[in-house]
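Hello,

Here is the structure I promised to pass on. Please have a look at it first, and then read on for what turned up.

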Amino acid sequence: MDPLTSVPSVPAKPNPWALLPLWVFLVSYLLVSILAGDFYKMPITVAFLLAAVVAVWSSKGHGLTQKIESFCKGAADANIMLMVLIFILAGAFAQTTQAMGAVDSTVNLTLWLLPKNLLVPGLFLAGCFVSISVGTSVGTIVALTPVAAGIALKTGVPPALMTAAVVSGAMFGDNLSFISDTTIVATRTQGCRMRDKFRTNMRIVWPFALLAALLYFWMGQQSVAEYSAGPVNWLHVLPYLAVLVAAVLGGHVMVVLLGGTLLAGAIGLLTGAFTPWGWTGAMGTGINHMGELIVVTLLAGGVLEMIRLNGGFAWIIAKLTARTRSVRGAELSIAGLVGFANLCTANNTIALIMAGPIAKEIATRFKIPANRSASILDIISCFVQGAIPYGAQLLMAAGLSDQSPLAIMQYLYYPYLLGVGTLLAIVLGYPRRGPREARK
């Protein structure tokens, strides 16, 4: 008989002690990082490994073999494995496009399009375009912050303001890009299509993106500078545009990413950017860059499954929904859950992996559409990630611009507006369900 058949299939009773692995993770990662004064001193993979050991050890009612197999069952969940495959393809695509010069051409294109008297809002819009194309806020910050710092030196615009405009634009795309890991995790944990989540997200965020652009225009309207953009190879930009269009049209994310990688590789070979071995090497490097995220995803899947089996999820949901009588209250609970997880981990992808399954159960109980719960999860996680001074985005931006994270934070208009605006959207029930969605 399969040992897993002895594991109870009935819903577990609420049990706060089942959350012990989560507390071990928080203490080993958050507390150690605070004491060390460095949020990247403790590898997050090690923290999750400790949590995994405790999850198996503290599980009650089964032998060691059943506990380990239950853990493996959670790690090998279909959604977890699909996320892993998507991460692999996203890594291959990102590194291929970078090796063939797509990132440089995209940056040069945005600078070429910028009016010289609209530098600050222009850099914000450039950050939006680059991040939604490349699917990474950190990559966008690395690409644009040196440009922003250089322009600030020539114009006298506060470097912190220019850097904040880049960070704000980077967080816009991190929340909306079809190849962003946060988008992938949010849609997979909630079981919705990327296209549906994108549409819901866009309806929520575009007014605040416009307002942020106006604020940046007002802050930098006196700034005029002379600068020249580098050459733009339009073929290099094509893979990003193709992926964006195919995803908007509803293509399966794996097919879209695979097709984008093949297109970028073909262009790279055609233009002589790399040899066939250079292409395979770039794909291998990109996949390897996803290694830590893949390991964390697998360990988190196993830990969360053990917490669920032992009643941890049931206890969290019971506490979050004890006084919740409406969809609005349930959505606020989801927002609070992922926001707290992000504050603790300083990593919005990991926060989504941890909070996603719990949010899915809350959404199912209160009949919240999957695209809406995915949007709330992704938006709130990006809001928190873009506003905490110890997150990778602000630390990277501060290092590249020689500014302190606190100096940059005073100009982060978009993340702040995004957080407040999403809470308003929840309270007001915006966007409302359309006729087609209401029938589902």
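The axes of helix 8 (residues 159-176) and helix 18 (residues 370-387) come within 9 Å of each other, crossing at roughly 155°. An angle over 145 degrees counts as roughly antiparallel, and therefore helix 8 and helix 18 are roughly antiparallel to each other. The crossing in which helix 8 passes helix 18 is right-handed. Please keep in mind that this is a predicted model.

Next, have a look at Met306, which sits in helix 14 (residues 291-309). Is Met306 buried or exposed? Its relative accessible area is 2%, and buried means under 20%, so Met306 is buried.

Now for the surface. A nonpolar patch of about 1000 Å² is made by Trp206, Leu210, Leu211, Leu214, Leu332, Val420, Leu423, Leu424, Val427, Leu428 and Tyr430. Which helix gives the most to the nonpolar patch? That is helix 21, with five residues. Helix 10 (194-220) and helix 21 (413-428) each supply at least two residues of the patch.

One of the patch residues is Leu211, found in helix 10. Leu211 has a relative accessibility of 37%, which lies between the 20% limit for buried and the 50% limit for exposed, so Leu211 counts as partly exposed.

Enjoy exploring!

Best wishes

Definitions and conventions
Residues are numbered from 1 along each chain as its sequence is written. This is a predicted model: local features need pLDDT of at least 70, side-chain atom pairs count only at pLDDT 80 or more; totals for chains, interfaces and linings use all residues. Side-chain values use heavy atoms; hydrogens and water are left out. Patches are made of residues with over 30% relative accessible area and no salt bridge: like charges are joined within 9 Å, nonpolar side chains (Val, Leu, Ile, Met, Phe, Trp, Tyr) within 5 Å. Accessible areas come from the Shrake-Rupley method with a 1.4 Å probe; for residues, only the protein chains shown count as cover. A salt bridge is a side-chain nitrogen of Lys or Arg within 4 Å of a carboxyl oxygen of Asp or Glu. Helices (H or I, at least four residues) and strands (E, at least two) are DSSP runs, numbered from the N terminus. Buried means under 20% relative accessible area, exposed over 50%, partly exposed in between (1.4 Å probe, protein chains only). Axes are lines fitted to C-alpha atoms, for helices over the stretch in contact, and angles run from 0 to 180 degrees between N-to-C directions. Angles under 35 degrees count as roughly parallel, over 145 as roughly antiparallel, 65 to 115 as roughly perpendicular and the rest as oblique. A crossing is left-handed if the near helix is turned anticlockwise from the far one by less than a right angle, and right-handed if clockwise.
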